[in-house]
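Q: Could you walk me through how to read a structure like this? I would like to go feature by feature.

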Amino acid sequence: MNGALNIALAALILGLAVWSVIAREILAAIIGFVAYGLLLTLVWVQLQGIDVALTEAAIGGGLTGILLFGAAARLRDSATAPDAEPAPARVRWLAASVSAAVSAGLIICVFSLPDPAPTLAPAVAANIAVTEVGNPITAVLLAFRAMDTLLEAIVLVFALIGVWSLAADTVWGGRPGQRPVGDPNGMLTYAARILPPLGLMIGAYIFWVGADYPGGKFQGATLLAAMWLLILLAGLSDAPRIDRPALRIGLVLGPLAFIAIGLAGMLTAGSVLAYPDGFAKPLIVTIELALLPSLTLVLGLLLLGTPERSDEQ
Amino acid sequence: MSAATLFGICAALLIGLGLYGLIASPNPLRKILAFNFVGSGVFLLLGSIARRGAAAGMGGDPVPQALLITGIVVAFSATALAVALLLRLAAVTGSATLAEVQPAQVHEHADGA
């Protein structure tokens, strides 16, 4: 039964991927991508990666889908040149043979993976008690491989700086995106009034249970960012000016708290990003709590994009 | 065939498919989309390897799974940066294409951001 389900899932996601790559209309391709992301979530559940499934649903399909939809709509509005002419047949055949060779090579690799598979699961199981968190993924993210997570939080801020720095000189420091035109009686406005309290609660819950069960700051922050974006899209509120000091402090607060606690580990526990005995869980929760608002802001602002209007306009 | 092997093959095909789209699609937004398929294929491959490492009562090796979460978030930030670059390109040159743009044309639209 499970086997048949898996084969059907694999066939569906491959079918959707083919559809997305060859669809004529870019919007159809993006719709295919979002559906693909949702089905991929089921694949992650089948692969026993519930935390990954939550992240994929929230970010892989959700946020990336909205980002691409927004870009497609903007590019259609602005008087852009018609789609460049398709690549010549020679290039397409060459691309197809290169891709087929890469896929074939990878399939050979899949079948020649070592058996029994190397795994760090026993090492994690043996040491998880020290961190006092119950979810092994959280233990890896914030204790065993905390450096990765720290660098990731910083990479997100760098990406946002990159997006912002594309602003034209005249609108530097202004607000991203176009001014939303809300319809006070529209369905979107209704949803933006009803959903955020629920979304906030679910986001906070997913964040809080992350210590012991699947969930955590990334998934929670994505939900909170989605609620913020919903309010902005409905025109109930406007995007912030990017030169607001409070906004910038909020953006770097999480990474800075992470760095501070990491450096403090040198004095209290003898190495960077180490936690003193008995303080692991409170410190992990503190870092997650500090990262949550920063991640929410970064994810939301990455989606809103480059500043495009100053207040005088 | 185990789920790990099945989805491993699926991941290999997704990477090939994305690679084809990346090379063959002339539209930059479609290249970004295809690039996301390559990325998600790589994630799926790593996920199927993580599944094979199930041990100690865990359904998969938690270390690659945690790296996957990091990877998915970073992939999103890279996509956001790519989309921002594309929108800026369209604003400055008036067309979202990777074809050669005449320098004069760029100058003409440079203030219309």
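A: Happy to! Start with the inventory: chain A has 11 helices and 2 strands, where helices (H or I, at least four residues) and strands (E, at least two) are DSSP runs numbered from the N terminus. This is a predicted model, in which local features need pLDDT of at least 70 and side-chain atom pairs count only at pLDDT 80 or more, while totals for chains, interfaces and linings use all residues. Residues are numbered from 1 along each chain as its sequence is written, with chains lettered from A and ligands numbered from 1 in the order in which they are written.

Q: In what order do the elements of chain A run?

A: From the N terminus on, the order is α-α-α-α-α-α-α-β-α-α-α-α-β. The C-alpha atoms of chain A fill a box of roughly 60 × 55 × 35 Å along the principal axes.

Q: What share of the residues in chain A is buried?

A: A residue is buried if 20 or more other C-beta atoms lie within 10 Å of its own, exposed if 12 or fewer, and partly exposed in between, with C-beta atoms placed from the backbone. By that count, 42% of the 313 residues in chain A are buried.

Q: Which backbone features should I look for in the loops?

A: Most residues other than glycine have a negative phi, and most peptide bonds are trans. Against that background, A:Gln48 has a positive phi near 65°; it sits in the loop between helix 2 (26-46) and helix 3 (50-77) of chain A. A:Leu273 also has a positive phi, near 65°, and lies in the loop between helix 10 (245-268) and helix 11 (280-304) of chain A. For the peptide bond, look at A:Asp115 and A:Pro116, which are joined in cis with omega about 0°. A:Pro116 belongs to the loop between helix 4 (89-111) and helix 5 (121-131) of chain A.

Q: Is A:Leu273 buried or exposed?

A: A:Leu273 counts as buried because it has 22 C-beta neighbours inside 10 Å. A:Gln48 has 19 such neighbours, so it counts as partly exposed.

Q: How do I check the length of helix 3 of chain B?

A: The expected span of a helix is 1.5 Å times one less than its number of residues. Helix 3 of chain B (residues 62-93) has 32 residues and should span 46 Å, which agrees with its end C-alpha atoms being 46 Å apart. Of those 32 residues, 23 are buried, so the helix is largely enclosed by the rest of the structure. After helix 3 of chain B comes B:Gly94, with a positive phi near 80°.
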